[in-house]
Amino acid sequence: MKERIKRFALDLGVDDVGFAKADDYDSPKSYALEKFLPGAKTIIVLVFKELSTCESPSVTIAMNGRLDLMSFQRSCSYRINRFLEREYQAKVVNMPYSYPMELHSDRPALADFSQRHAAVAAGVGTFGRHNLVIHPRFGTRIGLASLITNLAIEPDAKLEQDLCIHCDLCVRNCPGAALNEAGKTDVMRCLKKSQPYGLGGNIAFWKQFVDSSPEEKKQMFADERYWRLQQTGSIGQQYFCFNCLNSCPVGLQSR
């Protein structure tokens, strides 16, 4: 069963697949897996090689590459879910790559599920200094997707090798100084630079709008900041920084 599932995923274009026991998933800030699927036994982790488009100096083109990847991830996850339900009568849930996620005032910017911790548990990578997952072949330039199922599938061994070369290029190239403390990402500093037109930017705009005069309000609607907020709202999210991914030299030899 395990090899058949893996072969199905690879034939879809997934670059690597790992399996983890639900009990081995250890993400202290995320919800318990039972919240998503009662009786969860296995996490299937899918690895997708990031497009070099994301290294474009044009933020628009880089973000377009990320959206392409996310669309492909969703398609593959959906088809694998259908395969598991059809062939094994399994219960399966697809975990969000990023959004949607529950938003609560006591959990700001915390995902419901950690793709990174699932990947480490499934043996497809290890954490780097940037707190991203480093894959043995593709390095940091990967996207991750996961499915949780009630199927009992033999897990893969965790990687024991430290794949990070500790060059600290990610730390020095972070414009938000979000990686200054080892083992921790300052999420709010990161979001301020990587998603300046996200929820925080939206709130700031409308707070300014409320306190502005009628003429100033007209000018705010003509400002490019408002246009970008609208575009981000229609797309769902936009990244304006890929520095931690692009600055990491690990895996470049695989290209």
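Contact here means heavy atoms within 4.5 Å. Helices (H or I, at least four residues) and strands (E, at least two) are DSSP runs, numbered from the N terminus. This is a predicted model: local features need pLDDT of at least 70, side-chain atom pairs count only at pLDDT 80 or more, and totals for chains, interfaces and linings use all residues. Residues are numbered from 1 along each chain as its sequence is written, and side-chain values use heavy atoms, with hydrogens and water left out.

**Helix packing**

Two packed helices are described by the angle between their axes and the distance between the axes. Axes are lines fitted to C-alpha atoms, for helices over the stretch in contact, and angles run from 0 to 180 degrees between N-to-C directions.

Take α6 and α7 (residues 214-221) to begin. From α6, F205, W206, Q208, F209 and V210 meet K217, M220 and F221 of α7. By class, this contact has six nonpolar, one polar and one charged residues. Ala, Val, Leu, Ile, Met, Phe, Trp, Tyr, Cys and Pro count as nonpolar, Asp, Glu, Lys and Arg as charged, and the others, Gly among them, as polar. The angle between α6 and α7 is about 155 degrees, and their axes lie 9 Å apart. That makes α6 roughly antiparallel to α7; the label applies over 145 degrees, while under 35 is roughly parallel, 65 to 115 roughly perpendicular and the rest oblique.

α6 (residues 199-210) also packs on α8 (residues 224-235), at about 135 degrees with axes 11 Å apart. The two are therefore oblique to each other. Their crossing is left-handed: the near helix is turned anticlockwise from the far one by less than a right angle, whereas clockwise gives a right-handed crossing. On the α6 side, G201, N202, A204, F205, W206 and Q208 take part, and they meet R225, Y226 and L229 of α8. Five nonpolar, three polar and one charged residues make up this contact.

α1 (residues 2-12) and α2 cross at roughly 150 degrees, their axes coming within 10 Å. This crossing is right-handed. α1 contributes R4, I5, F8, A9 and L12; among the α2 partners are F72, C76, R79 and I80. The contact has ten nonpolar, no polar and three charged residues.

**Cavities and pockets**

On a 1 Å grid over the protein atoms alone, a cavity is a set of points where a 1.4 Å probe fits but cannot get out; a pocket is an open set with protein on both sides within 12 Å along at least five of seven lines, and lining residues have an atom within 4 Å of a point. Grid points are joined across faces, edges and corners, and a volume is the space filled by probe spheres set on the points.

The structure holds two cavities of 30 Å³ or more.

| Space | Volume | Lining by class |
|---|---|---|
| Largest cavity | about 80 Å³ | nine nonpolar, three polar, two charged |
| Second largest cavity | about 50 Å³ | six nonpolar, one polar, one charged |
| Second largest pocket | about 160 Å³ | five nonpolar, four polar, one charged |

Which residues lie nearest the centre of the largest cavity? They are H130, C164, C167, C170 and C248, out of 14 lining residues. The second largest cavity is lined by M95, P96, S98, P100, M101, A111, D112 and F113.

The lining of the second largest pocket includes V59, M63, R228 and F240. α2 (59-88) and α8 each supply at least two residues of it. α2 gives the most, with five residues.
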